[in-house]
Amino acid sequence: MGSPACGFLKQNNVIYLRFFLILVLSCIPDRTNLCSNHSLNTPNTYSGSSTVVSSLKTLALDGYFSFENLEHASKDFGNIYHNLPMAVLHPKSVSDISSTIKHILNMGSAEKLTVAARGHGHSLQGQAQAYQGVVINMESLEPPSMYVNTGEAPYVDVSGGELWINILHETLKYGLSPKSWTDYLHLTVGGTLSNAGISGQAFRHGPQINNVYQLEVVTGTGEVITCSDKKNADLFYGVLGGLGQFGIITRARISLGPAKKMVKWIRVLYSEFSTFSNDQEHLISSENSFDYIEGFAIINRTGLLNNWRSSFNPKDPVQASQFSSDGKILYCLEMAKYFNPDETDNLNQNIEKLLSELHYIPSTLFLSEVSYVEFLDRVHLSEIKLRSKGLWEVPHPWLNLLIPKSRIFDFAQEVFGNIVKDNSNGPILIYPVNKAKWNNRTSMVTPEEDIMYLVAFLSSALPSSTGTDGLEHIMTQNQRILDFCANAQLGAKQYLPHYSSQNEWEAHFGPQWETFVQRKSAYDPFAILAPGHRIFQKAISIS
């Protein structure tokens, strides 16, 4: 039996022809999104027809539109692209979103009006922006409050604009919490589910998109649809990891599990990458392993252990004080075990056993004990410090890659040995996940191996610098990494992908591209949604 999207194409050739025009047009570079210095600044007033603004003002809404002072909607965490919208919708209800999309459709294809859903503004390359279009402020959505079901398969119903940190605090009231997280919790549900949501728990529970029971989605035709793996499954799996291309997530039912109160947080160091990666792979395949496993590369850092002393205690203070990195590249394995206070004895025995199976540098065993909330919200503390120094709202040219296990050593040898060997401008995460825990029906694209590594270069650039800590240098370095992956045919995939041509997007999706296009034609046939990804362009009528 064919998929619903295939049936849609057979039943409606007119829309398919319109969509084919979208594909043709989207092969033409969009000059408004390209700039020689990687940063785009658009005028701070809308230059389009005043009749469009007047038309939007006629809509009867529970919320409201803003047409002035919209600069905040032209920025994101990446701080590289700046595309000014025509209007910002502050919805109070899901019907506000649906009505706005339907209204734009009824305006006809002569208007190049598009729609982007914006959560907490943590996109990297303008993905939540809509140049001279409508940005929807998802955080203003006021649906019913969070509902926690504590039954046999517990879950929480939340708004697509809800922050994960708020979900954590609410579900903990019932002794529960989501099972899979991102490292930073001040992100919206709709934002992370449109990508994947990966952190150190993914080896056990899969990404966040694997821990969803049900969604409410507003499609590109304005239709409000409830979907799950049993109802409207094609839309359900398309939206999960679908980069916002098929619909806007307005509500989600998230799987929950029992929550512990405390966390044993452990870091150890390695001087050899192969030993580091072998130990990581051993841990993610162990039956009674840690609850969280990540790692990172440390490049050209001295006094590293002294920087940890404020929050981590060395197992052997004497040996730790004698350790010197000598400026070499080191690899840190970071692990965490969740527990309740009455489980300490068994917990310590279990941790000792797990650590005895590893091959880290003995003098570099550091431990910490923190609350469950403090551990999960750890990155927010860094945010507060950076904001106080004016270093949060700087360009963040991040590069996130998924590398097949069979090629991770080749990647590390070239990248850490030749490309970023002398300096780094931020954390470099590197840890394996087991793809057996991932659902291959979602839109998320991964390498074709059972185990893959997430490698994330989380760089920050100094705006005025022309040196190695400047945006131009970091972007060039990122491109060198991408070029190496392509030339060496590593089979890598971008996570939080960003491309400038449709050929690149087609190569990214590979065999899934046809399904992706079919779903776009089914659920957003006029390519109204999520223009910031630059995958499709809205078809414009030619008179």
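How many nonpolar, polar and charged residues does the lining of the largest cavity have? The legends below take up this point after an overview.

**Figure 1. Overview of the predicted model.** The model is predicted, so local features need pLDDT of at least 70 and side-chain atom pairs count only at pLDDT 80 or more, whereas totals for chains, interfaces and linings use all residues. Residues are numbered from 1 along each chain as its sequence is written, and side-chain values use heavy atoms, with hydrogens and water left out. The secondary structure comes to 18 helices and 21 strands, where helices (H or I, at least four residues) and strands (E, at least two) are DSSP runs numbered from the N terminus. Of the 543 residues, 56% count as buried, that is, under 20% relative accessible area, with exposed meaning over 50% and partly exposed in between (1.4 Å probe, protein chains only). Among contacts (heavy atoms within 4.5 Å) with a separation of 6 or more, residues 24 or more positions apart account for 77%. The protein exposes about 23300 Å², of which carbon and sulfur atoms supply 49%; accessible areas come from the Shrake-Rupley method with a 1.4 Å probe, and for residues only the protein chains shown count as cover.

Figure 2. A cavity is a set of points, on a 1 Å grid over the protein atoms alone, where a 1.4 Å probe fits but cannot get out, and its lining residues have an atom within 4 Å of a point. Grid points are joined across faces, edges and corners, and a volume is the space filled by probe spheres set on the points. The count by this rule comes to three cavities of 30 Å³ or more, and the largest cavity holds about 80 Å³ of space. Its lining includes Asn195, Gly241, Ser443, Met444, Tyr495, His508 and Phe509. By class, this lining has seven nonpolar, five polar and no charged residues, where Ala, Val, Leu, Ile, Met, Phe, Trp, Tyr, Cys and Pro count as nonpolar, Asp, Glu, Lys and Arg as charged, and the others, Gly among them, as polar.

**Figure 3. Close-up of the second largest cavity.** About 50 Å³ of space lies in this cavity, whose lining residues include Val420, Asn423, Gly426, Phe457, Ser459 and Gln477. The lining divides into four nonpolar, six polar and no charged residues.

Figure 4. Glu334 is found in strand β16, which covers residues 330-339, and is buried with a relative accessible area of 5%. The side chain of Glu334 makes a polar contact (a pair of N or O atoms within 3.5 Å; within protein, one must be able to donate a hydrogen and the other to accept it, and residues adjacent in sequence count only if both atoms are side-chain atoms) with the side chain of Tyr292 at 2.8 Å. Leaving aside neighbours within four places in sequence, the residues in contact with Glu334 include Trp265, Arg267, Tyr292, Glu294 and Phe296.

Figure 5. Gln129 lies in the loop between β5 and β6 and is buried, with a relative accessible area of 3%. A polar atom of the Gln129 side chain lies 3.4 Å from the backbone oxygen of Ser74, and among the residues that Gln129 touches, not counting those up to four places away in sequence, are Ser74, Asp76, His82, Pro531 and Gly532. Gln132, in the loop between β5 (115-118) and β6 (134-137), has a positive phi of about 55° although it is not a glycine. Arg534, in the segment after α18 (513-523), has a positive phi near 60° and is buried, with a relative accessible area of 13%.

Methods:
1 Å grid on protein atoms, 1.4 Å probe; cavity = no way out; pocket = protein on both sides within 12 Å on 5 of 7 lines; lining within 4 Å.
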